[in-house]
Amino acid sequence: MLSLALFASLPLLAATQTVLQEPTDYTSDEQFQTDILNSTNFYRSQHNASALAWNDTLADYATNYVTGCNFAHTGGPYGENLVAGCANATASIEVWGNEGKNYDFAAGQFTEGTGHFTQLVWKATTTVGCGRANCSGEHGTPGW
């Protein structure tokens, strides 16, 4: 399960996309962090939001949580996005970024269908930390 626990301070939501692969960006800490930051900051730059820095405290929190392979929100102190079964870390961020196609910028309000996107580009956010685990179907959670 990749709980790209994009930990910030927004409402908690979940999205799932199923793909069966084991990419190196899930097994290499450095590549995982680079891919998360690059992909996240790509979407943020499209919406005039500043680039995020990596936060080890948030990453540790996310990693400790996802190792249980329970695809549910923590109810903890941070906002979070969850995703499972994506081909790689970049594809995981893309799931949330693609919700922007349905966001009503004129209304500027939270919706269930676009909540991951709004958290991804939330301008007040300054750092991100993500965790991942290979769940391989444990507790019904597909792949990473």
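**Figure 1. The surface and overall make-up of the chain.** In this predicted model, the accessible surface of the protein chain comes to about 6,700 Å². Carbon and sulfur atoms account for 49% of that surface. The protein chain is built from 144 residues, and buried residues make up 49% of them. Welcome, then, to a chain with 5 helices and 4 strands. Contacts across the chain can be looked at by how far apart the partners lie in sequence. Among contacts between residues at least 6 apart in sequence, 77% join residues at least 24 apart.

**Figure 2. A view of the largest nonpolar core.** Here is some background for this close-up. In soluble globular proteins, nonpolar side chains tend to be buried together. The largest nonpolar core in this model holds 22 residues. Three of its residues, Phe32, Ile36 and Trp54, touch the most other members, so they are handy starting points for finding your way around, since membership here rests on buried residues joined through side-chain atoms within 4.5 Å. Which elements give two or more residues to this core? They are helix 2 (29–45), helix 4 (89–97) and helix 5 (115–121). Helix 4 gives the most, with 5 residues.

**Figure 3. The disulfide between Cys69 and Cys135.** A disulfide is a covalent bond between the sulfur atoms of two cysteines. The count for this model comes to 1 disulfide, and it joins Cys69 to Cys135, with 2.2 Å from S to S. The link of Cys69 and Cys135 is left-handed, with -95° about the S-S bond. This pair links distant parts of the chain, 66 residues apart. Cys69 is in the loop between helix 3 and strand 3, while Cys135 is in the segment after strand 4. Are these two cysteines buried or exposed? Cys69 is buried, because its relative accessible area is 2%, and Cys135 also counts as buried, at 3% relative accessibility.

**Figure 4. Cys86 and Cys130, two further cysteines.** Cys86 has a relative accessible area of 2%, so it is buried. Cys130 is at 2% relative accessibility and therefore counts as buried.

**Figure 5. Positive phi at Cys69 and His139.** Cys69 is not a glycine, yet its phi is positive, at about 55°. Its place in the chain is the loop between helix 3 (56–66) and strand 3 (81–82). His139 likewise is a residue other than glycine with a positive phi, near 55°. You will find His139 in the segment after strand 4 (127–128). Cys69 is buried, at 2%, whereas His139 counts as exposed, at 55%.

**Figure 6. Histidine side chains with glutamate partners.** Two histidines are shown, each with a polar contact between side chains. His73 is found in the loop between helix 3 and strand 3. The side chain of His73 makes a polar contact with the side chain of Glu80, at 3.1 Å. His73 is partly exposed, because its relative accessible area is 24%. His116, by contrast, is found in helix 5. The partner of His116 is Glu99, and their side chains make a polar contact at 2.5 Å. With a relative accessible area of 2%, His116 is buried.

How values were computed: Residues numbered from 1 in each chain as written. Predicted model: local features only at pLDDT ≥ 70, side-chain atom pairs only at ≥ 80, totals over all residues. Heavy atoms only, no water. Buried < 20%, exposed > 50% of the residue type's maximum accessible area, 1.4 Å probe, protein only. Disulfide = S-S within 2.5 Å. Polar contact = N/O pair within 3.5 Å; in protein donor to acceptor, adjacent residues only side chain to side chain. Contact = heavy atoms within 4.5 Å. Areas by Shrake-Rupley, 256 points an atom, 1.4 Å probe, with all protein chains shown as cover.
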